[in-house]
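Reader: I have a model open and a few minutes. Can you walk me through it?

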Number of protein chains: 2
Amino acid sequence: MGAYPDTLVRLIDELGRLPGVGERTAERMAFHLLRVPDAEALALADAIRAVKARVRACSVCATLTDLEVCAICEDPGRQRDLLCVVEQPNDMWALEKVGSYRGLYHVLQGRIAPLEGVGPEHLTVGRLLERVRAGGVREVILATNPNLEGDGTALYLQRSLAPLGVRTTRIAKGIPSGSTLEYASRAILADALDGRRDL
Amino acid sequence: MGAYPDTLVRLIDELGRLPGVGERTAERMAFHLLRVPDAEALALADAIRAVKARVRACSVCATLTDLEVCAICEDPGRQRDLLCVVEQPNDMWALEKVGSYRGLYHVLQGRIAPLEGVGPEHLTVGRLLERVRAGGVREVILATNPNLEGDGTALYLQRSLAPLGVRTTRIAKGIPSGSTLEYASRAILADALDGRRDL
């Protein structure tokens, strides 16, 4: 890139760090930013600054928010006796897109992963237990990911919550809607049979 | 995206304006920027600001540079009697990557496009003629794109340069190296035959 101005090289480098952006794409993006009006390019720069400056963990549920307490925790229309426990804000946002869940959330900020040295003390498990202990919670839905670590985390939480007398449930595992039995893995089919329900 | 913090929504929107970035990709990029250390995210924001603040047209050849006169125009090792005329800085950078051209450039900042109301007066044609008139230029290589408008622009420049007694050449059109005759268009094959050279 010998002929590019240094500032442009720097921009291409920085854009190239974004996920899924190779050198050619980074160049295309940089040229685009060069070409657009200042206001449009600076809006992106400002948006990045704003996110890094203002987005932080909700003091109640630990999701990412630009408020002290996130909009969902503050929403008087949500069912306050139902807590859905997820690993990451993204999981919560994915569930919110479905639109059918009307309870509150608790974001663990990860999952228990002994091989990576991540234990419950690195997550917001303590705050979850406090929330349940404070009362008013009827059911905790464990919506960690359906994989080894997510299942392990759910099991750990179920055992920690048991003495508190709260109902704990786990999201259903089974064959994904829209797929075919033919291409489902053995683990998926085993879950589907295991979790069968009366019609 | 009802559940995302507003600042995050704004960042996703702004990222979504980049070429080739849809909503899902913009989300992935925004989450990435949320996750990386502040320094890395702010480096991108700063690089965007720097490009918009510092990159401008070279006062000699009109390419984009963060200097008053670009590195190529200032390079004492370049052949100063050879001018390669291109439409955009990108074209110049593409030629520079080849590494074999050692002359100087002139960037038109567009091409003559009557249908879009772009005439020679909107381009750096006047400055090109001045550079040639100032003397010291032996050959002008017309390297505008090999399409209708690029060809038209080259023709216009050839006619404008003719009275100045400078040699004007046009880059070769033909079948692209590495391709096959079978899949070349008629226009490409016609150019290839037309431009044949003795071996």
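Predicted model: local features only at pLDDT ≥ 70, side-chain atom pairs only at ≥ 80, totals over all residues.

Author: What follows is a quick tour by question and answer.

Reader: Fine. How does chain B relate to chain A?

Author: Turn chain B by 180°, with a shift of 0.0 Å along the axis, and it lies on chain A with an RMSD of 0.1 Å. That is the relation of a two-fold axis.

Reader: Which residue of chain B comes closest to the rotation axis?

Author: Ala45(B). Its C-alpha is at 2.1 Å from the axis.

Reader: What area is buried between chain B and chain A?

Author: About 4800 Å². Carbon and sulfur atoms give 68% of that area.

Reader: Charges next. How many salt bridges cross the interface?

Author: Six salt bridges are found across the interface of chain B and chain A. Over all chains, the structure holds 24.

Reader: Give me one across the interface. What does Glu27(A) pair with?

Author: Lys97(B). The closest N and O atoms of Glu27(A) and Lys97(B) are 3.1 Å apart. Arg24(A) joins in too: Arg24(A), Glu27(A) and Lys97(B) are linked in a network of salt bridges.

Reader: What about Glu27(B) and Arg24(B)? How do their side chains meet?

Author: In a salt bridge, 3.0 Å from N to O. Both residues lie in helix H2 of chain B, three residues apart, about one turn of the helix.

Reader: Switching to helix H1 of chain B. How many of its residues are buried?

Author: Seven of its 10 residues, so helix H1 (residues 6-15) of chain B is mostly covered; buried means under 20% relative accessible area. The buried residues include Leu8(B), Val9(B), Leu11(B) and Ile12(B). Glu14(B) is also among them.

Reader: What covers them?

Author: Parts of both chains. The cover includes helix H3 (38-54) and H5 of chain A, together with helix H2 (23-35) of chain B.

Reader: Now the strands. Which way do S3(A) and S4(A) run?

Author: Parallel. Five bridges join S3 (residues 79-86) of chain A to S4(A). In that pairing, Val86(A) stands opposite Val107(A). The chain gets from S3(A) to S4(A) through helix H5 (residues 89-98), and this β-α-β crossover is right-handed.

Reader: Is S4(A) covered, or is it exposed?

Author: Mostly covered. Five of the five residues in S4 (residues 103-107) of chain A are buried.

Reader: How many bridges join S3(A) to S5(A)?

Author: Four, and those strands run parallel. Cys84(A) stands opposite Ile141(A) in S5(A).

Reader: Last topic. What do Asp151(A) and Lys173(A) form?

Author: A salt bridge between their side chains, 2.8 Å from N to O. Asp151(A) lies in helix H7 (residues 148-161) of chain A, and Lys173(A) in the loop between S6 (167-170) and H8 (186-194), so the pair ties together parts 22 residues apart in sequence.

Reader: How accessible are the two ends?

Author: Both count as partly exposed: Asp151(A) at 25% relative accessibility, Lys173(A) at 31%.

Reader: And which residue does Arg111(A) meet?

Author: Glu116(A), in a salt bridge of 3.2 Å, N to O. Glu116(A) is exposed, with a relative accessible area of 52%.

How values were computed. Residues numbered from 1 in each chain as written. Chains lettered and ligands numbered in written order. Heavy atoms only, no water. Buried < 20%, exposed > 50% of the residue type's maximum accessible area, 1.4 Å probe, protein only. Helix = DSSP H or I, 4+ residues; strand = E, 2+ residues; numbered from the N terminus. Pairing = 2+ DSSP bridges. Right-handed = clockwise from strand over helix to strand, strands pointing away. Least-squares fit on C-alpha atoms with pLDDT ≥ 70 in both. Buried area = accessible area lost by both parts, 1.4 Å probe. Salt bridge = Lys/Arg side-chain N within 4 Å of Asp/Glu carboxyl O. Contact = heavy atoms within 4.5 Å.
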